[in-house]
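Please read it alongside the sequence and coordinates.

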Amino acid sequence: MQLNNEHKLQTRIRALTDVAATGLAVLSTVLVVAPLVAIFVYLVYRGASSLNLDFFTQIPKPVGESGGGMANAIVGSGVLLGLASLIGVPLGIGGGIYLAEFGRGTKLANAVRFTADVLNGVPSIVMGMAVLAMVVHPEGHFSAFSGGVALGIMMIPTVCRTSEEMLLMVPNAVREAALALGVPNWRSVLAITVRTASPGIITGCMLAFARVAGETAPLIFTAFGNSNWSTSLNEPIAALPLQIYVYAISPYDDWHRLAWAGALVLIVLIVLAVSLVRYVTSRGVLKGAS
Amino acid sequence: MVNAKVPEIHISQAQLQPEPRAEDVQRPAEVDLAEASPIRRFLLSRGNSAIADQGFHALMVLCALSIFGIVVLIAYELVMLSQLAWGTFGLDFFYKAFVDTYSNQPLYWDPVNSHFSALPFIYGTLVSSFLALLLAVPLAIGVAVFLTEMCPRVLRAPLAFTTELLAAIPSVIYGLWAVFVLVPLLREHLNPWLIKLLGWTGFFADDNPTGLGFVAAGVILAIMILPIISSLTREVMTAVPHSQREAVLALGATRWEMIRMGVLRNARIGIVGAVILGLGRALGETMAVTMVIGNSPEIHRSLLANGSTMASVIANEYAEATSNLHLSALTELGLALFIVTIIVNAIARLLVWAVTRGAPSATH
């Protein structure tokens with residue numbers, strides 16, 4: 001009889017533990033989602049009230065004058081990201097093609113894959129320091145070019161690994177079909193495999209793009225920032241995240257307002273890119289792929 | 001699919017010979033275009049040549065090697081630039097402080113008088129990162145458990161997307177939010193409470209009215225590394241075969257017991273890897289921390305005091321460093337950060353790989 005009671009008690013405790021664990025898991029999920037909601041709501045609230053046409057058409061006004069915008073920073077970010085893509089996308093995709101098409105299972109490929117993953121975790125500020133020593137010191141001044149190089153280097157590992165993953169999803173039958181028709185291997189890779197995986201590869205590039213679009217740390221001592229119009233690669237250039245940082249730590253309310261507006265613009269761009277990636281990958285990157 | 005009968009195939013001994021590898025195949029000797037068959041002529045005109053193939057192969061290898069090149073280049077540049085500080089301070093840089101002859105107080109970082117010691121930054125980096133892990137790890141595992149094992153199917157995709165979105169927000173926007181929302185919140189509500197409740201430990205002293213400091217940095221870091229830890233934890237948890245769950249459930253376990261014994265225990269190595277990866281991210285995180293940690297190169301026992309991390313001092317001073325020794329000392333900090341994050345990330349990757357390698361195909 002007593003054994004039965006003990007058994008009942010134990011079952012009850014186990015059931016309660018189960019409920020408690022479920023409750024804790026739900027609670028932690030709520031706690032994780034809460035800051036995201038808080039950030040977004042506050043960002044939209046502060047950003048939208050400060051956003052106007054001037055923001056997109058004017059350059060920053062000197063301290064004390066109200067108004068002004070971040071047109072130069074938006075253009076500057078565009079220049080930097082364009083340069084970064086020129087460096088990061090071809091090298092990254094090339095590396096991905098090697099990993100997926102030529103080096104499968106080889107030691108070199110494993111080493112490259114591992115190094116790419118590790119490089120992905122190296123702080124962006126360290127990349128900026130290396131580029132400072134590599135480009136800025138020999139040139140003797142901060143420049144848009146050095147900023148683009150820093151961001152481009154950061155894109156390579158991300159693009160490389162996502163391209164590889166997307167290429168691996170292409171069924172082998174497609175490659176075999178191409179080769180059986182006598183298509184040379186390089187052509188089969190470029191025109192058949194890469195083309196089949198291209199939606200996935202493009203989304204991978206956009207992911208890397210979105211990631212470096214918000215990078216600030218390496219730009220502090222490469223692109224440096226500029227409060228005037230500049231699109232020259234040889235001069236310091238303004239960038240959106242950099243401008244947000246400078247304005248956020250300034251003591252002026254008017255600049256805080258602009259920082260929020262800039263943050264909203266930046267986040268909208270990034271969320272759009274990430275959502276697009278999500279949409280394409282959830283839809284199945286490769287139509288008809290098994 | 002699993003139950004489909006495989007037709008028996010009889011293979012003769014000759015067919016069992018290993019297939020010749022691509023590079024062993026004898027390529028036909030170059031044929032004059034005029035003599036070649038129409039098919040061969042067509043193929044040759046489409047660029048079917050060994051040179052083109054090998055050239056393309058070599059080009060792709062070069063692209064892949066560029067990744068090694070970057071690592072070597074970063075290491076080389078940082079080593080060269082930090083030579084001066086290494087030569088001046090040696091290993092003392094990392095564990096010794098100067099002592100002010102007048103006040104007898106330790107003096108850590110004084111660019112004007114060329115006193116440089118990494119101590120306060122190493123301390124700040126470690127404290128803020130571990131604070132972040134302390135807050136983030138339980139939450140991240142909770143979210144991963146909820147999403148993989150408990151969540152209704154309808155909610156799973158949106159919630160997973162939401163946590164991924166947290167990872168996509170740039171550091172500087174976290175910093176902006178922290179400066180204007182989180183820090184005032186801590187200052188008005190959490191800090192007085194901490195001081196009242198835990199002030200006696202000495203870790204929460206009431207001498208910093210700004211709200212900036214290690215606690216603020218730890219909280220914002222925790223929010224930032226959460227998605228990384230939770231998404232990797234989810235990955236390793238999904239890699240645990242269903243048979244493990246079914247076996248535990250079949251013995252009469254409750255759901256939580258199933259998760260604890262069947263899933264978490266099997267995935268623990270991968271989860272440790274995910275946590276270490278989060279640590280790597282926290283160590284090098286720059287902008288948000290710089291904006292809320294207060295930036296003073298001192299060591300305080302109180303977690304509410306201002307501090308500074310290796311990354312934040314670089315962000316603050318690197319562009320304006322005037323003396324060579326200052327620049328060199330900062331570069332040495334960067335080099336240390338580079339080496340530490342490489343080691344941390346390598347360990348984490350190996351642990352995660354050990355669990356997820358080949359796993360998805362093994363489950364059915």
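1. The centres of domain 1 and domain 2 of chain A, taken over C-alpha atoms, are separated by 37 Å. Domain 1 covers residues 2-50 and domain 2 covers residues 57-282 of chain A; such bounds come from an automatic or database domain assignment. Between the two, six residues of domain 1 of chain A are in contact with seven residues of domain 2 of chain A, contact being defined as C-beta atoms, placed from the backbone, within 7 Å. The domain 1 side of this contact comprises three nonpolar residues, two polar and one charged. Here Ala, Val, Leu, Ile, Met, Phe, Trp, Tyr, Cys and Pro count as nonpolar, Asp, Glu, Lys and Arg as charged, and the others, Gly among them, as polar.

2. This is a predicted model, in which local features need pLDDT of at least 70 and side-chain atom pairs count only at pLDDT 80 or more, while totals for chains, interfaces and linings use all residues. Residues are numbered from 1 along each chain as its sequence is written, and chains are lettered from A and ligands numbered from 1 in the order in which they are written.

3. For the complex, the predictor gives an ipTM of 0.88 and a pTM of 0.85. Chain B has a mean pLDDT (the predictor's confidence in each residue, from 0 to 100) of 84, and 86% of its residues reach 70 or more. Residues 11-16 of chain B have pLDDT below 50, with one contact beyond near neighbours in sequence. Residues 359-364 of chain B are also below 50, and that stretch has six such contacts.

4. At the chain interface, 72 residues of chain A are in contact with 74 residues of chain B. Helix α1 (residues 2-50) of chain A gives the most to the chain A side, with 18 residues; helices are DSSP runs (H or I, at least four residues), as are strands (E, at least two), numbered from the N terminus. By class, the chain A side has 54 nonpolar, 13 polar and five charged residues.

5. Buried residues of α4(A) include Val112(A), Arg113(A) and Leu119(A). A residue is buried if 20 or more other C-beta atoms, placed from the backbone, lie within 10 Å of its own, exposed if 12 or fewer, and partly exposed in between. Their cover includes α3 (71-102) and α6 (144-168) of chain A, together with α2 (50-89) and α12 (324-356) of chain B.

6. Pro111(B) lies in the loop between β3 (109-110) and β4 (115-116) of chain B. Pro111(B) is partly exposed because 18 other C-beta atoms lie within 10 Å.
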